[in-house]
Amino acid sequence: MTGEGKEAAMSAGASQRPGVVAVLLVVLLTILWGTAFPAIKVAVTEMPVLTFRAVCLIVGCVGCAAFALARGRSLAIPRPLWGWMIAWAACNSLLWNLFTAYGLTLLPAGRAVIIGYTMPFWALVFAAILLREPVTRRKVLGLGLGFAGLAVLIGPDLRAIGEAPVGALSVLFAAMSWGLGTVLIKYKQHDLPTTVLTAWQLGLASIPVTVAALMFDDFDWRMTREGWIALIFVLVGAMIFAHLLWFSIVRLLPASVAAISTLAIPVVGVIVGALWLGERVGPGELIALALVISGLFVVLVLPALRAEARSGIR
């Protein structure tokens with residue numbers, strides 16, 4: 001367990017009731033990450049995907065590295081972990097960032113955020129394969145609900161003659177990649193602080209994306225005011241500030257509360273997409289949202305609540 005993980009465990013054990021400050025941090029984090037998908041969609045309509053993601057990855061790397069150094073963490077990586085670090089960076093940062101951004105050029109932000117935050121389902125699948133974690137009835141129910149939500153979103157595109165759901169499949173692949181990367185981090189034992197791990201993943205992913213952007217993108221940085229606002233929000237809000245908020249939250253709150261905060265992110269994404277971008281929120285989006293959130297609740301929140309209840313009884 002990393003130093004930050006030990007701090008999170010100690011904090012969770014010390015207090016089962018989140019304080020007012022912690023709750024406010026959860027609300028702010030949910031708003032930031034939920035708003036990020038509509039903001040990304042605005043940004044990638046005015047600048048090339050490769051350039052946008054190169055800037056995001058570089059800024060995120062610098063921000064997380066500065067935070068790690070400010071906390072006295074060493075940025076050094078043991079030589080045996082370099083191969084794993086490259087694999088983690090490819091799954092968690094490179095593929096996730098590229099395919100979500102590309103998918104958002106073809107897909108409404110509300111739909112994209114629902115599909116993107118199915119990551120825990122894919123983590124369960126890969127954990128069963130790689131970590132030999134048991135597949136319980138609860139997990140099967142959660143996966144079934146999540147996949148039903150995906151079917152509601154992607155089904156109409158699949159039924160359309162001659163139309164390939166490229167946008168939806170791009171974001172779905174990004175979610176699968178993030179899920180695989182999460183399991184790979186658990187698969188290989190290490191003692192790296194979360195901030196250092198995140199900084200290196202973002203930094204390594206930025207190298208091929210930046211090279212590709214310099215080779216293929218022709219961008220003069222002339223954007224509208226809305227485009228600049230969206231870009232700055234993603235850079236400062238989603239790539240740096242949200243990460244710092246998350247590190248604070250995991251030290252203050254029990255695991256179940258942190259899980260609940262992730263469940264609210266697609267809700268915020270759908271609402272912001274409708275208000276900011278004027279996206280239509282029809283019965284299909286609402287049904288898919290309800291199915292995905294129900295599945296994540298069954299898989300993530302109920303077990304944590306039961307564990308905390310048993311701990312309280314003792």
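Helix α4 has a kink of about 40°, centred on Ala-90, where the bend at a residue is the angle between axes fitted to the seven residues ending there and the seven starting there. The model is predicted, so local features need pLDDT of at least 70 and side-chain atom pairs count only at pLDDT 80 or more, while totals for chains, interfaces and linings use all residues. Residues are numbered from 1 along each chain as its sequence is written, and side-chain values use heavy atoms, with hydrogens and water left out.

**Helices and overall fold**

- The chain has twelve helices and zero strands, helices being DSSP runs of H or I with at least four residues and strands runs of E with at least two, numbered from the N terminus.
- Helix α4 covers residues 82-104, and its 23 residues should span 33 Å at 1.5 Å a residue, which agrees with the 31 Å between its end C-alpha atoms; the expected span is 1.5 Å times one less than the number of residues.
- Among contacts between residues at least 6 apart in sequence, 90% join residues at least 24 apart, contact meaning heavy atoms within 4.5 Å.

**Aromatic pairs**

- The structure holds eleven aromatic pairs, counted where rings of Phe, Tyr and Trp (its six-membered ring) have centres within 6.5 Å, with planes under 30 degrees apart called stacked, over 60 edge-to-face and the rest tilted.
- The rings of Phe-99 and Phe-173 form an edge-to-face pair, because their planes stand at 65°, with their centres 4.8 Å apart.
- Since Phe-99 belongs to helix α4 and Phe-173 to helix α8 (residues 166-187), this pair ties together parts that are 74 residues apart in sequence.
- One aromatic cluster is formed by Phe-37, Trp-96, Tyr-117 and Trp-178.

**Burial and surface**

- Of the 314 residues of the chain, 49% count as buried, which means under 20% relative accessible area, with exposed over 50% and partly exposed in between (1.4 Å probe, protein chains only).
- Phe-99 counts as partly exposed at 28% relative accessibility, and Phe-173 likewise counts as partly exposed at 37%.
- Ser-206, which lies in helix α9 (residues 194-216), counts as buried at 9% relative accessibility, and is in contact with Leu-57 and Ile-58 when its neighbours within four places in sequence are left aside.
- The chain exposes about 14,800 Å², of which carbon and sulfur atoms supply 70%; accessible areas come from the Shrake-Rupley method with a 1.4 Å probe, and for residues only the protein chains shown count as cover.
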